[in-house]
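The sequence and structure come before the description.

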Amino acid sequence: WALAVSDYLVELQDRLFSSGLHTLGDTPTDTEMTSYLQAYFGEKLSEEDCAKAISKWKEEQEVKTKGQSESNVLETIWSSFQEFAMKFTQDQSLESIKESNNASEEKISEHDVIFAEATNIVSLLGQTTEELDSIMNLLGGGYIKPKPGGDLLRDGTSVLPTGRNIHALDPYRMPSAGAWARGQRAAEEILRQHCEANNGAYPETTAVTLWGLDTIKTRGR
């Protein structure tokens with residue numbers, strides 16, 4: 001069991017601290033992007049899919065940066081139409097697959113959903129350059145959009161993009177279901193121990209010390 005714990009700690013270290021400290025305004029490299037995606041999705045997303053998601057984001061960025069001529073717009077419309085037609089055909093095929101084999105259809109759908117989420121995460125991570133824009137806006141007395149603070153792996157995509165006016169104590173996320181259950185067990189145990197030591201008498205008052213950073217990181221656990 002000691003070896004298993006050691007392996008888990010190494011894996012945890014690689015996943016949570018794989019890229020070191022973040023330089024303000026820097027966009028993650030392809031390697032860092034892949035590291036984030038693999039840590040987030042685990043075995044559900046292959047390295048090849050990670051590369052595809054990153055390439056798709058880069059292509060979209062190139063289009064936004066260079067702009068499009070009329071011919072490019074028509075090409076994009078035609079390309080979109082072809083993609084729609086292909087997707088429609090695939091959807092029809094999926095219906096046929098579903099009738100014959102529900103498991104295959106579900107597997108394909110799950111992959112599509114995961115890949116779409118991965119592409120969205122890459123796009124959000126690519127907006128880290130806005131961190132410097134937000135600082136300059138802040139120094140000029142401008143308005144910074146609010147965003148819940150947290151960690152991508154623990155809290156999901158709601159914490160992205162960065163460069164926002166983060167708020168830590170989000171009443172919609174805290175306490176989490178796990179924190180609520182753990183707190184309930186802790187409260188019951190405190191009362192039980194006190195009653196046993198005081199002939200069944202309940203405490204007159206109770207107090208709980210919450211460390212801000214730990215509470216934020218664990219959503220109240």
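## Surface and core of a predicted model

The accessible surface of the chain comes to about 16400 Å², and carbon and sulfur atoms hold 56% of that area (Shrake-Rupley method, 1.4 Å probe; for residues, only the protein chains shown count as cover). This is a predicted model, in which local features need pLDDT of at least 70, side-chain atom pairs count only at pLDDT 80 or more, and totals for chains, interfaces and linings use all residues. Residues are numbered from 1 along each chain as its sequence is written, and side-chain values use heavy atoms, with hydrogens and water left out.

In the chain there are 9 helices and 2 strands (DSSP runs, H or I of at least four residues and E of at least two, numbered from the N terminus). Their order from the N terminus is α-α-α-α-α-α-β-α-β-α-α. Of the 221 residues, 20% are buried (under 20% relative accessible area; exposed is over 50%, partly exposed in between; 1.4 Å probe, protein chains only).

The largest nonpolar core contains 18 residues, and Leu37, Phe41, Leu45 and Val122 have the most contacts inside it. Such a core is a set of buried Ala, Val, Leu, Ile, Met, Phe, Trp, Tyr and Cys residues joined through side-chain atoms within 4.5 Å.

Beyond its neighbours within four places in sequence, Val122 is in contact (heavy atoms within 4.5 Å) with Met33, Leu37, Ala53, Ile54 and Trp57.

Arg182 lies in helix α8, residues 177-197, and is partly exposed at 43% relative accessible area.
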